Amino acid sequence: MKTISLNVNGKVYDLQVRDSELLIETLRERLGFKGTKYSCLEGECGACTVLVDGKNMLSCLMLTLDAQDRKITTIEGLAPSQGELHPIQQAFIDEGAVQCGFCTPGMILAAKSLLDKTPEPGPEEIARALDGNLCRCTGYVRIISAVESAARKLK
Amino acid sequence: MPILKDFKYHAPDSLKEALQLLQKSPKPMLLAGGTFALNTLKKTAASPEDVITLRKIAELKGIRREKGAVAIGAMTSLDEVVSSPLVQEGAPVLAEACSKVATTPIRYMATIGGNIASRFYWVDLPAVLMALDARLEWIAAGGSRKQGELADFLKDHKTKGILTRVFVPPQGSLSVYFRHTQTMDVDVPVLALVFSAGLQAQTLKDVRVCVNTTMAFPQRLRKLEALWQGRKPGLLNAEEARLAMRQDLSTVKLDEYRLSLLDADLDSVIEKIGKAA
Amino acid sequence: MKTTSPVGKSVPRIDARLKVTGEAKFVFDLEFPGMLVGRMLRSPHAHARIVKIDTSKAEKLPGVRAVVTAEDTPKIKFGSNEYFFPYTVDQLPLESEKVRYIGDEIAAVAAVDEETAEKALSLIDVTYEVLPAVFDPLEAMKPGAPAIHSAMNNIGVMLPVHFGNPDKGLKEADYVREDIFTLPSAAHCALEPHVSVGQYELATSRITLWTSTQAPFKIREAMAKTLRMAEADIRVIKLNVGGGFGGKLEMFPMDFAACLLSKKSGGLPVKITASRTEVFSFTRRKHPMIYKLKSGVKKDGTITAITGEVIADGGAYCSYGPTVIAAATMRLFMVYKIKNIRMFGSRVYTNNPVCGAIRGFGGVQSGFAIESHMDMLARGIGMDPVEFRLKNATDPDTLTVNKMILSSNGLKECIRKGAEVSGWKEKYGRKKDEGQDTARGIGLGIAADVMGSKMYKSHESAGTIIKVEEDGSVYLFTGAADTGQGSDTAMAQIAAQEMGIAYERIRVKAADTEITPFDTGSFASRVTFISGNATRNAARDAKRQVLDVVGRELKLDPVSLDIRDESVVEAATGKVLLSFDQAITLCSSFNYGQLIIGRGSYNPKTTPIDFRTGEGNISGSYGFEAQIAEVEVNKKTGRVRVLRMYDVHDIGYPINPVSVHGQIEGSIIMGIGYTFHENLRFRDGKVLNPNFSKYRIPRSMDRTTIESIFVETNDPQGPFGAKGMGEASLLPTAAAIANAIFDAVGVQIKDLPITPQKVLAALKSVRT
């Protein structure tokens, strides 16, 4: 066990974690951030996506101890304030990009990572950026238009 | 919880410290990006006592020019290789290959060193690095720095140490990378072909063709290279090329499908370099 | 924001906000104080007799709170299709005598943490007598094959379909052809894995089960049967579900075990989560099928007879097998005017994991076989595939030969419109440039779908209760199970539309067997049609109650009143009398004190299928579509790219257009997955690719441009004319693509998945 400080969603948490603890476990079980899901635990599905210093990464393939001195963002940390929604979240609602919702947090964060880097991506660029996130419900069509719509709003 | 069996975590600041930990531990494991190592821990019986992360070692990061070559630190992420202006300029086919590995989040996390150290010869990078005549640098368990060929490193599972850098020498202006997967782009390839050459006085020089059949180690197509060396790019013959390729790969039992892909790729290479020159 | 008349509008999903913030709760996230971790003990053998189970060592392990085996149960079998097929009741929640596939559940443990639970499993000593196993359905049918159940020749289900005189029909044909198609197994791959939380209440002997499911009432029924309890003592609660697709349509041993473990542990909640590998290997999968067809057509395109045989590998237990076989052999009737038909469907037991319901219920397999076969028949007489379908497609207001009542039917319009928007005439059969590496082609597939089926119960009723609070907010209780397809939203829209009030007022409370009315579940694309009608009836009832009070107060005949646009109005003139809020205040005022509680139910007018002949009107209405694929084939690499898909769909009327398009798009991409990538592979009863890296489902870059067009036939029975839509767009996709590949390069691939190797091999054999 080690005592560490973890920066999640802009807040610093002092935690005791196991050496072998994965970030997904710390987020869901110690910090109660249930928005980050998992579906395969081997880095294939993207449901465990979080932002690490702004880039979308897989929390099931990261040791919590390796996440020290990095800024972690989960879906809970995306909205600008309580009750408000980030434009990407709103776009997902407006474009019909949400069906069962299990892939949604990961998709939204992957989209955020892309739009921070590439403010005006084309549909193929968006698809590429989301290639690590599986969705079985939507067929991706409206997810991509949601990201395009969010990009326009964020301009 | 817990998903992984317990171990002791170490985050050394220097190579010296890392090597000491490596030597001291009865069952050590090095951790780079985590995309390979952590999955291994989840899926196999491997249970290291000590996991030594390399992320704090400054020496392993960064991409620089060194004596004309592009020197890539082992802990450089695949995404960093893709977006590096030095790599894009000096070895564009390496940037292209890295951009096709797995998925976006994996490319943010995985490192070039971790990819090579996995000794997976069937993935994208080995064939490309061999076609580029890349050399590896590592620190052996004793502390001495060594350099060597990628092909030798891939076959050598015994050498213990820490990969430090990948050196990509200056390349010619022509390069092509084709890769084919069974199902979708994010798969590891089922076949890949790398071509690299320079142009001098309208003829090809330093021709290197490497094939990743995924059924055997990546192989340089020496007969094909000899055939094309010194030739004019617009005067390459597909029939000849196919024959040479088959001779080069005679020891590998290739299926119809892979042979079709290779034929198609050779045609495409000939077409592409014919246009470029 | 007040959206009145929301039906037909793409209002935002009622649960979307919770999902985009990550707040939406799934059973996957559920946690209770003192909750134990449960794990299942599964057979490592494909076929074995259980000689002895010794749990003593496991029970003594510190941290283990309960271990259960069949001995803790009344050993009562259950089956998912048992109402119509009592002989398919073949599964025990925990096996005690025999195991029949690798993964068959025989015990379960509950412990304080995962490590302990895992260790406890390894301490359960099971003595097996391994029996010879059989994995190939053709081998399993042979005399002398190992007997898996008591079914003769291991044939668990036999469904004959026979009408007219097919042999005469074949004789009269100008062109006859025979084809064999093979369809692989596949997995649902819902993103949320199977997960159950069981809680036993000692004082009352009552159970609460939270589970990721499409059919909470079905689970309640199965648990009541297998535990010999009253249904009222079992409460099954559905939270948000991360996808179902047919894989979560029945009780699983982990549902059962979670509750039993809770009882044995003294009433602690027990959670069992399946890992991804477990979901792939031990839940349910698609029936692989060998689909044989021999049909005849006349020169003018009339189909004279269709005959064929379907052999399906059913795996170790029956699950929804009969319904799958029925769907695989009987969908034809909805699509084509047939007088002469003989189909024989067999579902064979093997020692492979269990095959069950998966989106399309056998219709995907039959869709590929039949639509490919139809194209080949058309070619045989030199007829355009579009013309051929139009010649033989069913019409509205027809009674099929097997007594299905097709009322509203836009099939021909779908075909014509599809041909028009896709530019079929200019593209089909166009001369291909032989020199190029790539060639393009266009192909068609048509399909029909049911809106429900009485497959596991005598009735298919759905019920809805609506209560209006004093402040005008409205609660809607429905048994319908939203698994992401948007049924909660559709119910809210239907209720708001019928009641004349804003969509935003409605709060939906769904799928809790103790609180919401009955509903059979989310399957067979039934929810909008059946549960929607129940909701409309409840809304009508609630409105009538409000208008009754207003009528009394204003001394007007309530029949002359209506609620529109959030106001009570004079129906004839539209004159506003008072607002809805004022009306509700009136209802709860001193003189009236009238609570508004609307109730409604709906049971579609159908007749059960006579499974000896295939006769019966299985659904209250039928949906239809035409799907056209445009592909590009690389003749050197065998790679096929789907350039565009057109889907023209008779959906009756779209309650929420974006939701319907979303289902269509999701289905098509899933269909593309099954066409090219998805193949659940086995060796000796073990799944070889139980993970996302080796079983590939489509990713964002595998999507294609989809043009989704509605044909509105305004079904006479559907709520506001709506039919259902959840599966149909998956049915013709593979055939449309295969037919397009033929148009491009002249090869017809008859066995899925369509791999580059198969395309290249086919091209080679065409050249030689």
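Modeller: Start with a definition: two residues are in contact if their C-beta atoms, placed from the backbone, lie within 7 Å. Keep in mind that this is a predicted model.

Take the contact between chain B and chain C. Chain B puts in 11 residues, and chain C puts in 13 residues. On the chain B side, the largest share comes from helix α12 of chain B, residues 256-276. That helix gives 4 residues. By class, this side of chain B has 7 nonpolar, 3 polar and 1 charged residues.

Now turn to chain A. Here chain C gives 44 residues to the contact, and chain A gives 41 residues. Which elements of chain C give two or more residues to the side that touches chain A? They are α1 (16-20) and α18 of chain C. Of the two, α18(C) is the one to follow, as it gives the most to that side, with 7 residues. The class count for this side of chain C is 18 nonpolar, 16 polar and 10 charged residues.

Stay with α18(C). This helix covers residues 657-676 of chain C. Its axis comes within 8 Å of the axis of helix α19 of chain C, residues 733-745. The two axes cross at roughly 60°. Angles from 35 to 65 degrees fall between roughly parallel and roughly perpendicular, so α18(C) counts as oblique to α19(C). The crossing is right-handed. Look at the residues that meet. From α18(C) come I668(C), G671(C), I672(C), Y674(C) and T675(C). From α19(C) come T733(C), A734(C) and I737(C). By class, this helix contact has 5 nonpolar, 3 polar and no charged residues.

Next, the strands of chain C. One open sheet has 3 strands, in the order β22-β23-β24, with antiparallel pairing. β22 (561-564) and β24 (576-579) of chain C stand at the edges. Each has a single partner strand, so one side of each is left without a neighbour in the sheet. Neighbouring strands are turned by 30° against each other on average, direction ignored. Strand β23 of chain C, residues 567-570, pairs with β24(C) over 3 bridges, in the antiparallel sense. To find this pairing in the model, look for V568(C): it stands opposite L578(C) in β24(C). A helix packs on this sheet too: α17 of chain C, residues 580-587. It touches β22, β23 and β24 of chain C. The direction of α17(C) makes about 70° with that of β24(C).

There is another open sheet to visit in chain C. It has 3 strands, in the order β4-β2-β6, and the pairing is antiparallel. Its edges are β4 (98-99) and β6 (125-130) of chain C. Each of these has a single partner strand, so one side of each has no neighbour in the sheet. Strand β2 of chain C, residues 48-54, pairs with β6(C) over 6 bridges, in the antiparallel sense. One landmark is D54(C), whose bridge partner in β6(C) is D125(C).

Last, cross over to chain A. Domain 1 gives 14 residues to the contact between them, and domain 2 gives 13 residues. On the domain 1 side, β3 (49-52) and β4 (55-58) of chain A each supply at least two residues. The largest share, 3 residues, comes from β3(A). By class, that side has 6 nonpolar, 6 polar and 2 charged residues.

Helix α3 (residues 104-117) and helix α5 (residues 141-154) of chain A pack at an angle of about 45°. Their axes are 11 Å apart. α3(A) and α5(A) are therefore oblique to each other. Their crossing is right-handed. M107(A), A111(A) and L115(A) come from α3(A). They meet I143(A), V147(A), A150(A), A151(A) and L154(A) in α5(A). By class, this contact has 8 nonpolar, no polar and no charged residues.

Note on methods. Residues are numbered from 1 along each chain as its sequence is written. Chains are lettered from A and ligands numbered from 1 in the order in which they are written. This is a predicted model: local features need pLDDT of at least 70, side-chain atom pairs count only at pLDDT 80 or more; totals for chains, interfaces and linings use all residues. Axes are lines fitted to C-alpha atoms, for helices over the stretch in contact, and angles run from 0 to 180 degrees between N-to-C directions. Angles under 35 degrees count as roughly parallel, over 145 as roughly antiparallel, 65 to 115 as roughly perpendicular and the rest as oblique. A crossing is left-handed if the near helix is turned anticlockwise from the far one by less than a right angle, and right-handed if clockwise. Ala, Val, Leu, Ile, Met, Phe, Trp, Tyr, Cys and Pro count as nonpolar, Asp, Glu, Lys and Arg as charged, and the others, Gly among them, as polar. Two strands pair if DSSP finds at least two bridges between them.
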